[in-house]
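Please look over the structure below with attention to its cores, its sheets and the contact between its chains. A briefing grouped by topic follows.

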Amino acid sequence: MDVTLDPQARTFIEVSEVWVPRDGVLVHAQGNYGDREAFAAVSGRESFALGEGLPGRAWAEGKPVVLKEFDGSYFKRTEAAKEAGLTSAVAIPVFDGKTLKAVLVVLCSDDTERTGAIELWAETDGLMMLSDGYYGAAKHFEWVSQHTHFPRGQGLPGGVWSARTPILMRDLGSGYRFIRADSAGKAGLTTGLGLPVPSPVGETFVLTLLSARGTPLARRFEIWDSRAAKVGTTGGAVLIDGICARDGRLWDEDNPRTAKAWEGPIGTVLGSGLPLVMGGNPALTAGYASMVALPIHLDGEHAFTVAWYC
Amino acid sequence: MQKLVVIGAGMASGRALEHLFDTQPGEWDVTLFNAEPRGNYNRIMLSPVLSGEKSYAEIVTHDEDWYAAQGVHCRFGEKVVAIDRAAKTVTGENGTVAYDKLLIATGSNPFIIPLPGHQLPGVVAYRDLEDTNVMIEASAIPGAHAVVIGGGLLGLEAAAGLRLRGMEVTVLHIATHLMERQLDAAAGFLLQKDLERRGINCILQANTKQITGDGKVEAVELADGTVLPASLVVMAVGIRPNVQLAKEAGLAVGKAIHVDDQMVTSDADILAVGECVEHQGAIFGLVAPLYDQAKVVAATLRGEEATFVQKQLSTKLKVTGCDLFSAGDFAEGPNREDIVFRDPARGVYKRLVIEGEKLVGAVFYGDTADSNWFFGQIRDGADISANRDTLIFGPAFQGGAPVDPMAAVAALPPEAEICGCNGVCKGAIVDAIKGGAVDLGAVRATTKASASCGTCTGLVEQVLASTLGGAFERNAPQPMCKCTDLTHEDVRRLIKSQELKSMPAVWQAGAWKTPDGCHSCRPALNFYLLADWPLEYTDDLQSRFINERKHANIQKDGTFSVMPRMWGGITTPDELRAIADAADKFKVPTVKVTGGQRIDLLGVKGEDLPAIWADLNAAGMVSGHAYSKGLRTVKTCVGTDHCRFGTQDSTGLGIALEKALWGSWTPHKVKLAVSGCPRNCAEATCKDVGVICVDSGYQIGVAGAAGMDVKETERLADVKTEEEVLDYTMAFIQLYRENAKYLDRPYKWVAKVGLDWVKEQVLDAGIRAQLVERFQISQSVYQKDPWAEHVKERAEQYVPVADLTKFAAE
C-alpha cells in the first residue's frame, strides 16, 4: 500500500476548521485544533465579513485561497497562529451554485522537513495551470509545478478537470513520471487526491492534496459519490474509491460501502451539505485521531464527498 | 486427501479454490501452476492500475499468506508442458505431479492482428501485469504518442489510462461507433464525446494498414493514408481461448475446451473453467459467468450436483467519470419497443428495450442509478406490464420527473445564438424577458429575435417558456415527428447554434425519445446535416428514401424508371442511340418523353440498374436525379439561336444553370426554367426558379408552383448578365437549403419567411457572395454522378436484400 503509516510523524495539516455564513458574516462552526487551545479560543470568538480575513477572502474571490505568510497579510489571527506554530493556511470555499455553504480552512506548520502539497489549478487557455500552492519543504516540486501545465485528461489536475470527478492517485513518485515524477519522487510524494472545486466566478478550478511519505497529509482517503445519476433519487452515497494505511483498499467493485444521510460522519455531510471536521473520537473517525470531510456540489446537487483521516 | 492440480491461477480458478476451501477445508492437496510469476489478482482492475488510480497491491486477490494458509503448492512462473491423462499426471517445466482431479484454467490469449509491423517492439497486447507495466514505462516519456487498436471495453480503458498517464492517445476502431457490442449508436456517440473531452482522439471506421518503425514502433498507417505517430501500439481487439495444452492432451476442443453443465471435460477427471471453456457453443470473456462456473466446479469436485446456466450479462466501463451501463439485448426487432429518456443538460441517455411484457435490454449513459435493479429485471425475465409507463424512472419512482420538452433549450448556454439573422443569443432574450418582454411580440420588439426569417420562432417561444415557466402561453408548434418535441425549425437552429454534426449529436441535444430516430425524421436530419456541414458530415444512405438510395424512381410494380440528364433539354443523336440501345438491351417496356424535356426509361428491373447506368455513362450521360430532393430539370426554349422572338441565349443559360446546380441536395425537388422571351414557352413563371429573358437582361422569379398548388413566381430581381443569373440562383437555392423545412417546396418556404427577407439576403452582395461560396463548397462534395459511383463501388447493393428494417421507409 502506498499510504505510509507512520504514527510517530506529525501530519502535514495541523488544524482544520469550518466557517459558515450567518447573518451576512462567516461564523465559526467547527474546528479541530488538537492541543492548540489558545488558538481554538481565539478562533471561536472570530467572525469574517465578505472579503475579510482568509475565510472572507475565499468567499469573496469564489475560489480557494492559499496564504503562505501571515505576517503583513489580511490574516486576522496572526499572533495566535504564530504562538500555535502555524505559519500558512488554505481556505476552500464550498459553493452550491452561487450560494456559499461554508469555508473549510486548513492550517499548516512550516518547517524544513514537513513535505506535502496543497495545490490550486485553474484553467487558462485550455490548460490547467498552477494558480497557487503550498508545499512545505518540497521547494523543488513547487518550482516544477509552477512550470508545468496539464492538458485535458492528463495527470491528476487534467484528469479531474475532464472527468469532473474527484480522483485518488497512487504512487505519484512512479506514476507521474511523464511530467513531475522525478521531483515528486524526490519529495516523497505518494498519494494524490484531486477534486473539482465549483466556483461561482465561472472559472474551472481543481484542488490537489498530495501526501508525502514522511509527513502524510492523511493516512486514509475516501471518495463518496452521491449523485442521483449514481445512487438514484433515494439519496445516500457509495464509496467509489478509498485507501487506508491500516485497512488497505477500501473500495469494492462488487459490494461498495454505502452511507445514508445523517448516519455517521459521512452521513452528516450528506445530510447537511456542509464540511465536517472531527477529532478526539477515533471510534467515529475510522480509528484515526481526526477526519475532514468536504462536500462538492455540482450541477445543483451534492455530488461527491471527499474525506481524509489522520 | 485428494490431489487436485490446477493449471492457471486466474480469477476463475481462484474463485473455485475459495469455494472448495470454504466448504472442504483440509480435504484437498492442491498444486497450482501459473505461467505468470504470481498468483491470483483481479485482472479486470488492471485498467485503474494502468491509470495510476489503483496500485497492484490493491488488486491482489490471493497473496502468499493466503496460499500458505490453504497449503497450496504454488508453482508460479512455471509453464505446464504436458498432461498425461492415462498416468493422471501433469508435467511442468520443473517436474511432474500426479492428480486425482485436474482443473484446467488456462484462460485466453489476446488476439494480435497480423498486420505488417505487428512484431515490432512497442506493440503490446493488454492482458496482464507485464503488459500494463510496459505501457506505464512507455508513458514516462513526455509527449509520447500511443495508438490503441480496438474501441471496445479493454481498448478504451487502456486509452483512458494512458491519457491520464500523460500520453497523446488515438483510438482506432473499425466499427461506426465505440463499444458496438455493448452500446447502441446514441450511447456510443456520448462515450466518444466524453473521451474526446479527455483529449483522446477517436477514429471510427479506421482500417489499419500497417505498423511502421525502424527497430521499434514509430507510426501506424491507415488504409486512407493517414499516418499516426506512435511509440506504443496497444492491440485490444479480442481474445482467443488458450486451448493448446488441452488439445495436445486429446480433450474435446472446439472453439474452446468442451465442458458439460458440471464443467467436466471429455475426461471425467478433468474439469475446466473460465475463458478457456466452451459451454453449449458459447465462450466467455466477462467475469460474472466465470464466477458462476467456479461455483459449479467446486460443487462438482465435492461430488455435489450443480449446473452451470448461462445468464444475461451486464457491462460497465472502468473509466473514472464515465457512467455507462449495458445489459441484455438491445438490437432492434419486429416485436420490440423502445423507451428512451434523454436529458441534454446532463448528457444522459437511457434506453430500455421491451419485448412483449419483458425488459430484454438496457443501455444507460450518464446516469447508471438503479442499473442493478434494471439488470435484475432483465435477468429474471420479470413481467413489467404493470409499471411499463414509469419503468424508465427506476424502482424508486414516485410520480417521477416527466420528460421535459424544454430540456434542449434550457440546456443551451446564454451565449448560444438563437436568432441567426439578427445575431441574438439566448442570454439577451432571457434578459429581455426578465426585463418585461413576456410574449413573442415583445421579445421581437426588444431584441429583434425572430423578427426576420422567423425560423427561430419556436426556439424563442421555448426560451420564453423555460424562463417564465407556467406564466407563458403559446401556440403549440407542430413537432418534427413523434421522436421529439422540437419543430423542424428548432432542429435546424440547434444544428447550427450547437454545431451538431452527426445524427446522434442531434438526437441527444434535441432530447429524442427514440434511440435512433424514425423514418420521418431521419431523412430530414440527414438533409439538414449535409446541408449545414457538407465537409464534416457524411451522407447517411440508410436515412434516405428508397429512390435516393437506388438512384432511380421505384414504380408501382416494383420496377424502376431510369432517366439520364439532358442538359437544358438538349440532346444529340449519339445520346439518343445510346438510350435506344439501352432500351433494347434491357427490354425496357416503355420509353417516355417527359414534361421536363428528357427521356424516361420505364420498367427497368432493380438488378439491371447498375448495368444500364454503366451503358448510359459510357455514352457520356449522367443521372437526371428524377427521383431526388434536389435539382430536377432546367427547362428551356430554343432562344436566340433559332427563335424569331428570342432575346437571349435561353438554352445556353439553362445549360449553364443545370451544370452549376446539378447534384445539390435540397429540402424538396427543385425545377427551373429559362424562357427566351416573355412569351414564356419554357413555362418559367410556375417554376421554383424561373428566368425570363428580356432585351434588357433577365427577370428572375422564384417560388412558383405547378403541382398540387398552382402559383406564379414572384420577382426576386432583374439582372443584366448571365453571371448574375447564376449567382442569384445559387444564392437563392443555398438560402433555401440552409433554412427551409425538409419537404417544403420553395414556394411554401418563401410564404413562411416572406419574400422581403429572401430579397434582403440574396440582393445583398456580401451575403450573396457568402451563400454562393457555401453552395460551391457543398457542390465540391455532392456534385458527383451517383450512377458512376454506384456502378463502381456499390453494385452489390442492387441485388435484392432481405433485411430492410434498417432503412427509412418510403
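Leaving aside its neighbours within four places in sequence, with which residues is A:Val105 in contact? Apart from those neighbours, A:Val105 is in contact with A:Glu17, A:Trp19, A:Leu54, A:Pro55, A:Ala89 and A:Ala91, where contact requires that the C-beta atoms of two residues, placed from the backbone, lie within 7 Å. This is a predicted model, in which local features need pLDDT of at least 70 and side-chain atom pairs count only at pLDDT 80 or more, whereas totals for chains, interfaces and linings use all residues. Residues are numbered from 1 along each chain as its sequence is written, and chains are lettered from A and ligands numbered from 1 in the order in which they are written.

**Nonpolar cores**

- A:Val105 is also one of the residues with the most contacts inside the largest nonpolar core, which has 96 residues; a nonpolar core is a set of buried Ala, Val, Leu, Ile, Met, Phe, Trp, Tyr and Cys residues joined through C-beta atoms within 7 Å.
- Strand β6 (residues 99-108) of chain A gives the largest share of this core, eight residues, strands being DSSP runs of E with at least two residues, and helices runs of H or I with at least four, numbered from the N terminus.
- A second, separate core of 95 residues includes B:Leu46, B:Ala138, B:Leu164 and B:Leu317.

**Strand β7 of chain A**

- Strand β7 (residues 115-124) of chain A is largely enclosed by the rest of the structure, because eight of its 10 residues are buried; a residue is buried if 20 or more other C-beta atoms, placed from the backbone, lie within 10 Å of its own, exposed if 12 or fewer, and partly exposed in between.
- β7(A) pairs in the antiparallel sense with strand β8 (residues 127-136) of chain A over eight bridges, pairing being assigned if DSSP finds at least two bridges between two strands, and A:Thr115 has A:Gly136 as its bridge partner in β8(A).
- The hairpin formed by β7(A) and β8(A) has two residues between the strands, and A:Asp125 in the turn has a positive phi of about 50 degrees.
- β7(A) is also joined by six bridges to strand β12 (residues 205-212) of chain A, running antiparallel, with A:Leu120 opposite A:Leu207 in β12(A).

**A parallel sheet in chain B**

- Within chain B, strand β1 (residues 2-7) and strand β7 (residues 101-104) pair in the parallel sense over four bridges, and B:Leu4 stands opposite B:Lys101 in β7(B).

**Positive phi in two alanines**

- A:Ala286, with phi near 55 degrees, is found in the loop between β17 (276-279) and β18 (290-298) of chain A, and counts as partly exposed because 18 C-beta neighbours lie inside 10 Å.
- B:Ala703, with phi near 70 degrees, is found in the loop between β35 (697-702) and β36 (705-706) of chain B, and is buried, with 24 other C-beta atoms within 10 Å.

**Contact between the chains**

- The contact takes 29 residues from chain B and 32 residues from chain A, and on the side of chain B that touches chain A, α3 (56-59) and α6 (153-164) of chain B each supply at least two residues.
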